[in-house]
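Please have a look at it first.

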Amino acid sequence: MPTADPAAALPLTLDLEDFKGDFSFDALFGGLVDELLPEYRGEDDAAPAPPPPPPVLGAAPPVFPAVDELLGLFKHSCKELVDLRKQIDKRLQNLKKEVAMQDAKHRKTLGELEKGVDGLFDSFARLDSRISSVGQTAAKIGDHLQSAESQRETASQTIDLIKYLMEFNSTPGDLMELSPLFSDDSRVAEAASIAQKLRSFAEEDVGRHGVTPAVGSANASRGLEVAVANLQDYCNELENRLLARFDAASQRRELSTMAECAKILSQFNRGTSAMQHYVATRPMFIDVEIMNTDIQVVLGDEGPQADSNYIADGLSTLYKEIADTVRKEATTITAVFPSPNEVMAILVQRVLEQRVTTILDRILIKPSLASLPPLEEGSLLQYLRILAVAYDKTKELAKDLQSIGCGDLDIEGLTESIYVAHKDEYTEFEQASLRQLYQSKMAELRAEAKQQIESTGSIGRAKGASLTTSPQQLISVTVVTEFVRWNEEAIARCTLLFSQPTTVAANVRSIFACLLDQVSQYLTEGLDRARDGLNDAAAQRDRYVIGSSVSRRVALAAATAAEAAASAGESSFRSFMIAVQRCASSVAILQQYFSNTISRLLLPVDGAHPSACEDMGSAVSVVEAAAHKGLLLCIDTVMSEVERLLSSEQKATDYRSPDDGAAPDHRPTNACIRIVAYLSRVLEVAFNSLEGLNKQSFLTELGNRLHKGLLTHWQKFTFSPSGGLRLKRDITEYGDFVRSFNAPSIDEKFEQLGIVANVFIVAPESLASLFEGTPSIRKDALRFIQLRDDYKTAKIASMLNNITAE
């Protein structure tokens, strides 16, 4: 028996609503199979499963009993889905047709609207053009109406002006028949304006006819000339009346009335008369008591003898009071005058040209360069210091006044013009002041030196000798520092008074040249005085040189005098070395000042700095030349004493003892000991005073002179072998001392002397071996060999001939 289709009995389970919104296939599938598979539901929702049917006898139990029902359900669902798709497709076709129809209608409507809008735009354009045309026509009508009104007003004013002009043209000098307008105090401004217009027209007409006269215009010109004269008189009378009213209001401090008068007066000459009148009537310009107070504030009770510091304080006080006064006046001027800047310019100019200049004329009294005032009466330095402080304070005042307001006034240029007479000759005055200070200082030093000499009772100086010989009297670094301080003060004034780099550089060079001259002259004269001491000592040595055939008493007296001369020479040597040391310190101070102060002022100008360096180099060269001459004299002084010691202390027996066979004496000779002690003592100050190349060249020259002097001295003696050993000991002593000179060439010479001394020690037959080792000593060795005491007995001469021949 056939089984019925289970799908045919199933109701419709799918609907279009199931696919709207958030569609979930899992939810759809679950909804389809939930009824058929209740055992797959959740435990809470699942109903008790029906008991399974009893198995058919002989048949296997089904694996999935609901499969047929599910297949039927799925087929039925697929059919429904196909039906739904067909429905959807049909709806889509209908919607497409409707959309196409609506789109066609919409396009048609848009086309019609575009045509309508284009027509509307054309209408608007025609309307705008019409409105513009109407507006232009209205504007032209308005312009014509305004022009007509203006012409009417001008004609009315012209009629009134002609009427007023006829009144002024009536009778010369008669102002009694004028309209009430010209005598009404309440209409002064209107009367002033009309009078100025009439005056301008009349003067223009008279001028035009006066330049190009025409026929028939003579009477008119003469008539207008009467009007011009009457108008001039009236304007003068009106201006005076307004100025009187302005003065009265000024005394009562009625600023509104003053402002009204100033505004009316501005029609006369742009108000110049009112501005000048106001400024001229300020108490600071007309009150004699204020002027006297200014002088008292600045100079006080000291009068013209007041110093620069006192004047600086006084000017600060006075200028502050002036600035405060101008500041108060500025408040009034701003409230009263239509053009306050012009009034302030006049006021500030009057302050500088009258009040400031008056006080400057009292404190800046220019001295005469032909007759300089002495230092105790102020001197040029006092004038220059006052000039600097006055200029500085005046510049500060100018800045204050400019901050308050001075219109278009060139206040900086005006300030400079006040001092132009002083600045034109500034450099000459500065140089003259520095020279005056230098001369005064030199006179002071000479007086102190003379007083010191008189107080110590110094006597017995050679005729023409310098009055000052002590190091303190020769050169002082403190004095040079004072020179630099003077110059530094002058340079500070220069940079204060001038601002242009070219002008500053030129003036700085001139001022610095004064310092170079002062330092160079002072140091050179000090070195010359120190050198005079060396010359005096040399003359004293030469004075006591005596012959060999004199009595014992004379020789003893000469030796004592020579000792005194040697002491004087040593003292002069020390003094000169200290002078050289102070010269070096002074030059260092000068160079440091140039680097720190002068260079930065000269570098901005091409060529100024190199030129100044050349000037300084020339000045230093003069000092170096003087020092060089003195150092050569120092070497002469030292060598003279060395020669005296060698002559007096060196004995013939030092190098050729009668008991030559005895044990040799390894001590230096007494002359060597005395000379090394002398050199150590006297050169100590040279080591401390000289530096660098000066020290090196001095010691090298001294070493060469010492070497040459010793060679000459030793050639006067005869040497035995033991004497040769002692000579070698002397040479070692001298060599050890000159090693402190740090001069390799000198060390080498004394080392060679030590080798040459061996010619006195070796046996005659070994002399040849000396020349083989050191051929450079051949010349000196050949001379020294002749001084051997066995030169003749050992027939060394023939041996030398053989050596020379070889």
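Aspartate 324 has a relative accessibility of 29% and so counts as partly exposed, where partly exposed lies between buried, under 20% relative accessible area, and exposed, over 50%, using a 1.4 Å probe and protein chains only. This is a predicted model, in which local features need pLDDT of at least 70 and side-chain atom pairs count only at pLDDT 80 or more, while totals for chains, interfaces and linings use all residues. Residues are numbered from 1 along each chain as its sequence is written, and side-chain values use heavy atoms, leaving out hydrogens and water.

Which residue does aspartate 324 meet in a salt bridge? The partner is arginine 327, at 3.0 Å from N to O, a salt bridge being a side-chain nitrogen of Lys or Arg within 4 Å of a carboxyl oxygen of Asp or Glu. Both residues lie in helix α9, residues 308–336, and they are 3 residues apart, about one turn of the helix; helices here are DSSP runs of H or I with at least four residues, numbered from the N terminus. Arginine 327, at 40% relative accessibility, is also partly exposed.

Let us turn to another pair. Glutamate 444 and lysine 441 form a salt bridge with their closest N and O atoms 3.8 Å apart, and both belong to helix α13, residues 426–456. Is lysine 441 buried or exposed? Lysine 441 counts as buried, at 13% relative accessibility, whereas glutamate 444, at 36%, is partly exposed.

How values were computed:
Helices (H or I, at least four residues) and strands (E, at least two) are DSSP runs, numbered from the N terminus.
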